[in-house]
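I opened the model today to look up two things. My notes follow the order in which I checked them.

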Amino acid sequence: MSAGGDLIEKTAERHLREPWDELGLAGDRAFAYQRAGATFGIWIFIASEVLFFGALFLLYTAMRLEHAADFAIAARETNIVYGTLNTALLLTSGLCAAIASQASEQKGLQRLTLWCLGATVLLGLAFMAVKGVEYSEDIEKHLLPGAGFALKEPATQLFFGFYWLATSIHAIHLSIGIALVVRLIWKEWREPGFLFESPQVEVAMLYWGFVDMIWIVLYPMLYLDGRAG
Amino acid sequence: MLDALIPAFLRPESASVQAAKVDAIFIGLLLISSAIVLLVVGLVATFAIRYRRGSSAKRGEMPTIVSREFEVGWTAATLFIFVFIFWWAASVEIGAFSPPKDAIEIHVVGKQWMWKTQGPSGTREINELHVPVGAPVRLLLTSQDVIHSFYVPAFRLKRDALPYQQTETWFQATKTGTYHLLCTEYCGTDHSRMVGRIIVMEPQDYAQWLTRQPERDGLAELGERLFSERGCSGCHNAGSKVHAPSLAGIWGQSVPLEGGRTATVDEAYVRDSILQPERDVVAGYEPIMPSYEGKLSDGEIQALTAYIRHGTDRFDLIGSLNLAPAQNICAPGQTPPESAPNQSLRSPAMVPGAPASGDTPP
Amino acid sequence: MSGASSDASTLANPRELDLGLPVSYLAEGRSVASWLFTTDHKRIAILYALSITFFFFIGGAAATLVRLELFTPEGNIVGADTYNKLFSLHGIVMVWFFLIPSIPTTMGNFLLPLMIGARDLAFPKLNLISWYLNMAGGLLTLAAVLAGGIDTGWTFYVPYSTVFSNTFVTLAVLGVFVSGFSTIATGVNFIATVHYLRAPGMTWFRLPLFVWAMYTTSLIFVLATPVLALTLVLVIAERTFNLPIFDPARGGDPILFQHLFWFYSHPAVYIMILPAMGVISEVITCYARRRIFGYSFMVYALVAIAVIGFFTWGHHMFTSGMSPFAALVFSFLSFIVAVPSAIKVFNWTATLYRGQIGFESPMLYALGFLGLFTMGGLTGLFLASVPIDVHVQDTYFVVAHFHYIMVGASVSAYFAGLHFWWPKVTGRMYPESWARFAALLMFFGFNLTFFPQFIAGYLGMPRRYYTYPPEFQVWNVLSSSGAAVLAVAYLMPLGYLTWSLFFGGRALNDPWNATGLEWRTTSPPPRQNFFGNPQVLAPPYDYHPEATPPGDEPRIAEKGALT
Amino acid sequence: MSERSRTSIGRIWRRGLIVWVLLLAFLALSLFAAYAAPASWAAPINFGIAATQAVLVALLFMRLDRADTLVRLAAACGLFWLAILFALTLTDTLSRLANS
Ligand code: HEA
Ligand code: HEA
Ligand code: CUA
Ligand SMILES: [Cu+2]
């Protein structure tokens with residue numbers, strides 16, 4: 001009982017312990033453990049998100065199989081310049097994110113990490129700006145499904161239903177990504193050195209990479225169909 | 001035979017070819033399941049009593065190999081039983097899949113909250129369907145609004161009616177009589193009142209019935225005009241903003257009134273409703289309907305009544321839904337005209353990628 | 001005798017009452033804030049327990065009104081629209097705010113770290129956020145009810161829910177959507193915990209089956225819920241922004257909605273049963289004093305159910321207009337998924353063989369579970385046979401089927417677990433004879449309520465019917481009377497368990513003489529769960545490897561109480 | 001961890017840039033294919049390219065190439081379950097389409 005009592009006293013000082021405390025791990029292994037746990041956690045979440053977007057893509061697949069011709073007509077109406085530009089922006093931001101994540105693992109690369117995070121945010125914001133311009137042009141062109149829709153083939157409305165939905169869900173994800181990265185930058189600013197080996201950088205960057213991948217798939221769905229001929 | 005195992009009051013009426021087959025599977029499954037339940041519950045009870053705490057039954061270590069053998073054994077056994085049941089059920093399903101070529105073709109349209117049918121030679125009915133006994137009947141279903149489901153318990157028949165799509169099923173009645181027609185896909189407020197009757201008749205009665213079907217007469221046409229001219233449609237039509245009951249298919253139904261009474265819709269009731277609407281207020285509605293006392297002549301009221309009786313809907317379902325007209329209609333007992341099976345109404349094949357007719361899938 | 005042995009001096013001795021030991025998690029901080037901002041998995045479990053109890057009674061009250069209305073064939077107590085809102089409320093609340101979170105978030109949260117010898121879940125803050133999301137979702141749905149209700153049924157089928165219903169669908173759907181995030185977060189948390197925080201020696205095949213059940217349930221949480229979330233987003237988008245997605249008038253396909261919905265909702269029914277199976281495995285072994293029969297098969301069966309459960313969703317759509325080819329595929333797969341359930345039933349039965357079976361209330365619930373789950377599962381096979389399903393689809397046969405599993409099996413298991421771990425959670429004993437009486441009453445009331453529904457269903461009574469053809473009245477009267485009994489039976493635990501919090505005897509650390517790490521600490525456990533580093537040296541359910549030694553039995557209530 | 005810290009800045013950048021250039025090249029390629037390839041070929045080509053790009057991002061930006069088996073398993077699970085969803089739903093939609 002005395003040994004137990006001892007332990008309790010010790011832990012009373014550090015009131016909230018991390019769950020991995022006292023798993024019999026050496027200090028730095030515990031840290032690696034925490035990091036690995038966080039990475040694993042975010043990957044499970046990404047698997048979950050794969051199904052979220054997967055269901056959306058399934059919807060597209062099924063509708064397009066049924067209305068191939070109308071979908072081609074509708075896809076021609078999207079603005080390929082903005083679409084391609086945005087794809088390039090996001091791919092570049094993905095590069096910055098990847099570099100940031102790898103740089104954060106190494107001593108002495110804090111500045112690089114910070115810069116890359118900054119660039120990631122800026123590219124993300126640029127994407128959103130382009131998307132905003134594109135949206136307003138779409139609205140001008142009456143591509144919002146409903147009364148007064150620009151195209152007459154009925155299933156073109158389905159395509160644009162999907163277009164608005166998919167792009168806005170993607171934009172919401174991207175905004176969350178931007179918020180996460182801004183938070184990291186803010187934390188580093190408040191508490192220099194925070195970014196070094198922080199599992200949070202890895203988590204945010206993995207999420208960013210995932211949002212990137214979603215756009216990579218959306219691009220041919222929304223912009224490339226029906227261009228030939 | 002087998003179904004004699006179940007007392008009559010536990011057995012739903014069985015009035016179609018399919019019903020007998022379904023009941024056979026049902027009873028088969030019931031026997032298997034009872035055996036399983038008896039086995040499981042029996043074992044649990046036996047063990048619970050024999051090995052209750054403190055009983056003197058002998059306990060000891062179980063031989064270690066047993067466990068594995070048992071596991072594999074009962075896994076294999078259940079798998080075998082399951083595959084057998086599946087095979088049995090599936091073979092009945094596949095066998096009953098496509099309707100005979102000479103089936104009578106009936107179009108069914110579901111609509112909140114009524115069934116409209118159109119049979120051979122254009123006979124139209126609401127919440128009712130007359131069919132001859134012993135002849136296969138093929139139903140082509142669709143819906144004007146939400147999903148409904150056409151259910152005839154006595155035939156063990158059910159199929160959803162989907163908006164802008166066509167589904168199909170078929171049956172062959174084996175017994176004359178009147179059977180429930182129910183809607184079993186939840187479709188809004190009066191889902192539970194979307195019920196009707198299937199009337200199975202002897203073929204000669206059916207042929208007679210067919211000839212007796214009145215065309216919609218002039219009176220109802222007049223009523224229809226009045227219905228919109230006098231503003232009834234403003235409240236009573238489906239799209240209306242005013243909360244008023246739909247009059248579709250209410251003829252002969254009993255309606256619940258405010259205060260717990262019910263009334264049957266007949267000439268007198270409709271007349272009362274028009275002249276003294278505040279007297280019998282339908283349960284769940286405000287008494288906002290104006291009285292038409294003095295504003296409508298007796299003749300006009302009769303016309304309106306005729307209209308309500310014969311259906312308030314323009315009943316041009318084939319036209320409005322762009323369905324191809326039925327091609328192989330024939331009176332029972334006759335041979336069908338040499339008909340090319342209507343390609344666009346072909347049933348979905350059992351095999352994906354089977355040679356498709358009409359337009360090729362993308 | 002303990003399978004989980006440890007460093008004897010630092011661990012609480014399971015056979016002693018720990019009077020001198022430090023504060024339990026319950027006593028650490030008594031302010032409201034210390035509860036609302038806690039990251040202690042045990043306190044979060046209590047928060048969940050409160051919220052799901054609340055939702056259970058809301059759902060139960062709606063069910064009571066439904067049954068009252070169905071007493072007579074005419075509509076006389078509520079209007080048609082109200083009735084529709086009642087069963088929708090009942091289904092939505094019971095499924096998403098009671099049964100899905102029930103066992104995982106209360107017992108799972110409380111016991112998972114204890115059972116694997118961890119201090120907490122891997123992401124304690126995320127755990128708290130989950131609870132808030134769950135509450136937010138529940139309150140949004142309740143707001144929809146207060147605003148005027150929702151009448152789509154729990155299935156939200158389009159186009160009724162998107163185009164035709166003019167009730168508060170968006171709000172309610174939003175509520176379910178938000179609660180979906182809560183379950184995803186819980187799933188992520190559980191999976192990471194099981195992978196990373198097992199105590200030394202706790203190998204995968206030494207995990208208690210309850211932990212395996214939580215793990216497999218979490219898999220479904222993570223992989224199925226997002227599809228529901230997306231589907232609900234589509235419904236919201238179609239309703240509020242008029243985006244055409246499923247609208248058949250603009251080329252959409254309502255059957256696609258059903259695929260997406262059931263891709264989630266069929267696996268979701270396994271979310272509701274797997275945790276129950278976990279609880280039952282713990283309870284049966286303890287009161288039969290035997291090692292579980294065929295541990296590894298039990299594990300494989302759990303995993304198989306979780307995985308194969310994803311292949312069978314189409315059996316809800318046999319009459320929907322789905323292609324008949326697909327119907328047969330789904331029918332076949334539905335039979336396959338029943339095999340692992342059969343393995344479990346047989347193994348539980350075999351576990352009883354040569355045991356020392358006692359009939360404390362958790363065991364009564366567990367035995368009830370066995371029978372009712374078997375009944376419910378077997379009627380599932382009826383439904384999986386296409387020709388029979390064509391007849392009974394959307395009739396009371398289906399209603400009876402799923403209540404047999406969800407109420408008869410899962411809720412029984414919930415109560416079994418509640419009683420079993422009550423001493424651990426609260427440190428108090430409940431009055432055993434009351435508990436036994438409630439268990440028996442529940443079993444009786446349950447069968448009276450739902451067995452007649454099988455008959456009514458086979459005779460052709462459709463579900464979601466507010467008025468019905470009078471020939472079905474007999475069955476409905478029986479069913480409604482049963483529901484009254486059931487209501488009383490459910491109110492009883494509420495009463496005596498609350499009583500026990502204040503007046504119940506103090507519980508021993510291990511009143512049932514059970515194995516498992518959760519019993520190797522005080523009742524209630526301290527914030528840190530253990531006094532020292534638990535270490536696991538043997539497989540679980542190490543009840544009596546050889547013949548039962550005399551005296552190896554639970555210390556029943558009287559002996560377990562201090563006063 | 002120690003193995004990771006040996007990676008120099010140069011290597012990080014070099015590797016990242018190569019991937020990035022590849023990704024952009026693929027983007028250009030798919031843009032070209034969308035206009036130049038025959039209509040029936042365009043979709044498979046474009047989705048094939050998108051898949052390749054996604055794999056590149058997953059492996060080299062999100063570092064699946066060096067991740068634990070456990071993490072890879074999580075990613076694989078996502079894809080596997082996605083496959084279930086697609087396969088069984090399309091079983092129905094395709095067999096209905098093939099006959100309508
Ligand atoms: C916890 C919930 C739960 C569980 C576990 C199950 C389990 C099963 N369910 Fe159930 N089901 C629901 C909840 C559940 N269901 C709900 C809520 C609905 C309705 C939804 C709605 O429409 O609102 C539904 C509806 C439903 C339908 C659609 C009915 C319809 O609407 O037409 C079908 C059809 O196949 C079905 C089948 C099955 C099968 C085959 C199993 C199997 O997993 C069962 C396996 C178990 C056993 C088989 C018993 C034990 C086995 C033995 C003892 C072995 C020995 C047996 C033999 C050798 C024969 N269920
Ligand atoms: C997890 C799930 C769960 C649980 C626990 C229950 C519990 C019960 N359900 Fe359930 N039910 C569903 C899930 C569940 N149900 C679902 C998903 C549907 C389908 C909905 C749909 O169609 O969309 C459904 C539909 C459904 C119907 C069909 C409605 C219809 O189709 O028209 C009926 C009818 O009898 C019913 C009855 C009951 C009863 C009597 C209980 C009882 O077990 C409840 C007992 C509990 C209490 C009674 C509460 C305790 C007491 C009080 C609150 C005090 C007040 C009461 C009194 C004083 C009497 N339920
Ligand atoms: Cu129509 Cu229910
Ligand atoms: Cu199911």
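These entries cover a chain interface and then a ligand shell, both in a predicted model.

Entry 1, the interface. I looked up the contacts between chain C and chain B and found 91 residues of chain C touching 83 residues of chain B. The two chains bury about 7600 Å² between them, and 69% of that is on carbon and sulfur atoms. I noted that C:F346, C:R354 and C:Y458 supply 9% of the area chain C buries against chain B, more than any other three residues.

I found 1 salt bridge between chain C and chain B. It joins C:E360 to B:R53, with the closest N and O atoms 3.1 Å apart.

I recorded α10(C) as the source of the largest share, 17 residues. By class I have 56 nonpolar, 22 polar and 13 charged residues on this side.

I listed 31 residues around ligand 2, the closest being C:R67, C:Y83, C:H90, C:H403 and C:R464. Polar side-chain atoms lie 2.6 Å from a ligand oxygen for C:R67 and 2.5 Å for C:Y83. For C:R463, a side-chain N or O atom is 3.1 Å from an oxygen of ligand 2. The helices of chain C that each supply at least two shell residues include α2 (41-69), α13 (396-426) and α15 (473-503). I classed the shell as 21 nonpolar, 7 polar and 3 charged residues.

Technical notes: Residues are numbered from 1 along each chain as its sequence is written. Chains are lettered from A and ligands numbered from 1 in the order in which they are written. This is a predicted model: local features need pLDDT of at least 70, side-chain atom pairs count only at pLDDT 80 or more; totals for chains, interfaces and linings use all residues. Side-chain values use heavy atoms; hydrogens and water are left out. Contact means heavy atoms within 4.5 Å. Buried area is the accessible area (1.4 Å probe) that two parts lose on being put together, summed over both. A salt bridge is a side-chain nitrogen of Lys or Arg within 4 Å of a carboxyl oxygen of Asp or Glu. Helices (H or I, at least four residues) and strands (E, at least two) are DSSP runs, numbered from the N terminus. Ala, Val, Leu, Ile, Met, Phe, Trp, Tyr, Cys and Pro count as nonpolar, Asp, Glu, Lys and Arg as charged, and the others, Gly among them, as polar. A residue is near a molecule or strand if one of its heavy atoms lies within 4 Å of it. A polar contact is a pair of N or O atoms within 3.5 Å; within protein, one must be able to donate a hydrogen and the other to accept it, and residues adjacent in sequence count only if both atoms are side-chain atoms.
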